[in-house]
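Student: I would like to go through the labels used for this model and see what each one rests on.
Tutor: Then ask about them in turn.

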Amino acid sequence: MSKIKKAFENKKAFIPFITCGDPDLETTAAVVRAAVENGADLIELGIPFSDPTAEGPVIQAANIRALKGGVTTDKVFELVRDLRKDVEVPMVFMTYANVVFSYGAERFISICNEIGIDGLILPDLPFEEKEEFQSFCNQYGVELVSLIAPTSKNRIAMIAKEAEGFIYIVSSLGVTGMRSEIKTDLASIVEVVRENTDVPCAIGFGISTPEQAKKMSQISDGVIVGSAIIKLIEKYGKDSPKYVGEYVNKIHLCI
């Protein structure tokens, strides 16, 4: 069983998303450790990119702050090397195909393997074009996480059959960000997923409150929260690890 899949074993997984280098890499490291200490089962690390098309204003702003602060892909790799001294939960990168492509796909993915990154999420990579990265992921033991959106419809079964690690189910149309209500019929999407694979699925985009997290965890195998955490980091800066830890604990207890 893969390390990612194990994060979902016998429990609902909580997956916080954190933009690397916002406000600085030292704070990112402290936030990750605080999240893990308070019950995070898997960490999604965002590598900053100048045109993060899947992100709403909150995470876009975090990307801009991190890039202005001089964060590079190589510095993010060093961050992960440091985290892996004591952080044992699975970690995945969430970034964009251009970041991997411009670095050199094989070089990027081989370093992921070397530093202990378990998976890769590329929201702008169409399912039909994934082979460009999939072959290197297979070679180096890094799981390429598939996304299923409300618009996937008759492609859900096809995507699910080839999925690995976990499936990221996008809760709503549009970009990331906190939503007061999630209206998508996610239960029917999850049903099709489960008919076609035993790979766990987690719901992300728009989840911010413990109540929403609980509701989504009743449908799926896990919950992903990004913007609500990034807002805490934006508000509290270098003091944010304490507040993120408290928030993660609240969600963790709910699901």
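Student: Which residues does E44 touch, not counting residues up to four places away in sequence?
Tutor: E44 touches I15, P16, F17, I18, V92, M94, I121, Y168 and I224. Contact here means heavy atoms within 4.5 Å. The model is predicted, so local features need pLDDT of at least 70 and side-chain atom pairs count only at pLDDT 80 or more, while totals for chains, interfaces and linings use all residues. Residues are numbered from 1 along each chain as its sequence is written, and side-chain values use heavy atoms, with hydrogens and water left out.

Student: Why is E44 called buried?
Tutor: Buried means under 20% relative accessible area, exposed over 50%, and partly exposed in between (1.4 Å probe, protein chains only). E44 has a relative accessible area of 2%, so E44 is buried. E44 lies in strand β2 (residues 43-46); strands (E, at least two residues) and helices (H or I, at least four) are DSSP runs, numbered from the N terminus.

Student: Why does G119 count as buried?
Tutor: The relative accessibility of G119 is 0%, so G119 counts as buried. G119 is found in strand β4 (residues 119-121). Among the residues that G119 touches are I4, M91 and F93.

Student: What makes R65 and D22 a salt bridge?
Tutor: A salt bridge is a side-chain nitrogen of Lys or Arg within 4 Å of a carboxyl oxygen of Asp or Glu. The closest N and O atoms of R65 and D22 are 2.8 Å apart, and the two form a salt bridge. R65 lies in helix α3 (residues 57-68) and D22 in the loop between β1 (13-19) and α2 (25-37), so the pair ties together parts that are 43 residues apart in sequence.

Student: Are R65 and D22 buried, exposed or partly exposed?
Tutor: R65, at 28% relative accessibility, counts as partly exposed. D22 has a relative accessible area of 4% and is therefore buried.

Student: How do you know that E162 and K130 form a salt bridge?
Tutor: Their closest N and O atoms are 3.1 Å apart. The pair links distant parts of the chain, with E162 in the loop between α8 (156-161) and β6 (167-170) and K130 in the loop between β4 and α7 (131-140), 32 residues apart.

Student: Why is E162 called partly exposed?
Tutor: E162 has a relative accessible area of 44%, so E162 is partly exposed. K130, at 9% relative accessibility, counts as buried.
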